[in-house]
Amino acid sequence: MAATAEPINVSVPTSLGSREVVDLSSSTLNFQLLENPQVSLQQCATKFGPQLVRSIFEKLAEKNTTATFEVVNLSDDIIGDEGARYLQQGFAGNKCLKQLLLPRAGLTAPGFHAIGDLIGDCPSLVECVLSSNVCDAEGVKGDFDKGLKKNKTLKSLYMAGCRLGDEGIAAICPGALSTHPALEHVSLAYNRLEHGAALSLNKMLHANMALRYLDLSGNALGPQGAKDLVVGLKENKGRLQKLSVAQNTIRLAGTKVMVDFFTSPEGKNMEFLDLRHNYTTYKGMVEIRAQLKRPLDENTQEGWLLLFGTRQLFINAH
């Protein structure tokens, strides 16, 4: 039986002046602590701050050791750009870190640049969650793009709700997202993407060999964006297996072109396609379901999900 590491418990200060006990030998660093219903979300979010991150790495340096954390969960902790830079410095060259969870951590563009450096310097990182940090297009340019290009191990990248816009997608899709050799899942949901983003996404779809799941939910690609995106899907040659274009106002015209692709020989490898909440309208649903030979009438027992063997097509009238 393998021996367990002796705990290395230290007391570190937080940004609000309290102290927390941290086991420096642990494989998990988790400070998403929302268990007390009497404490507000704002109090939880600001309790630890960048001071805690800085203090942890200072304690590690004092003991002449490196971090063994495989999972770092700072979700809902506002560490800001300062905390992101401490993470980047502390994990430079680290071979243990596999999962970095930083949604709603108060990062802006400088924080994203720091995390980009971290991604490039961590050869074991496989998942990075950066959703709901408003970095705008500037955040994914420069150091972030360079770091992502340098990385060879990342499999899942969440950047939902970062307000990237078409400009941000134009910056990162032809670069790191096109060439990454291992990245299988990318979430770009709720990023204010319009139809122009489809042309940048197509460059990624054409070149990327690893991507299997792309989430574009909650944007505004519109009918033209959907039509343009199908061009990229065809150029992708069936490597992408899961795609969400839900809540993109693609309307009936866009929904039809996506359904046509899904049911075509070129789309046969698509295992999951979500087209819900796109203003397809009830009349449009009747038309599409008739085209699919799955009529929408009082006898049907199918709802939003249409199964084609094991393949899934989600579609509704709203």
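View 1. V10 has V22 in β2 as its bridge partner. This is a predicted model, where local features need pLDDT of at least 70 and side-chain atom pairs pLDDT 80 or more, while totals for chains, interfaces and linings use all residues. Residues are numbered from 1 along each chain as its sequence is written, and side-chain values use heavy atoms, leaving out hydrogens and water. Strands β1 (residues 9-13) and β2 (residues 19-23) run antiparallel, joined by five bridges (pairing takes at least two DSSP bridges; strands are DSSP E runs of at least two residues, helices H or I runs of at least four, numbered from the N terminus).

**View 2. Helix α3 meets helix α4.** The axes of α3 (residues 80-90) and α4 (residues 109-121) come within 8 Å and cross at roughly 15° (axes are lines fitted to C-alpha atoms over the stretch in contact, with angles from 0 to 180 degrees between N-to-C directions). That makes α3 roughly parallel to α4 (angles under 35 degrees).

**View 3. Helix α6 packs with helix α8.** For α6 (residues 165-172) and α8 (residues 197-207), the angle is about 20° and the axes are 9 Å apart. So α6 is roughly parallel to α8. From α6, D166, I169 and A170 meet A197, S200 and L201 of α8.

Note on methods:
Angles under 35 degrees count as roughly parallel, over 145 as roughly antiparallel, 65 to 115 as roughly perpendicular and the rest as oblique. Contact means heavy atoms within 4.5 Å. Buried means under 20% relative accessible area, exposed over 50%, partly exposed in between (1.4 Å probe, protein chains only).
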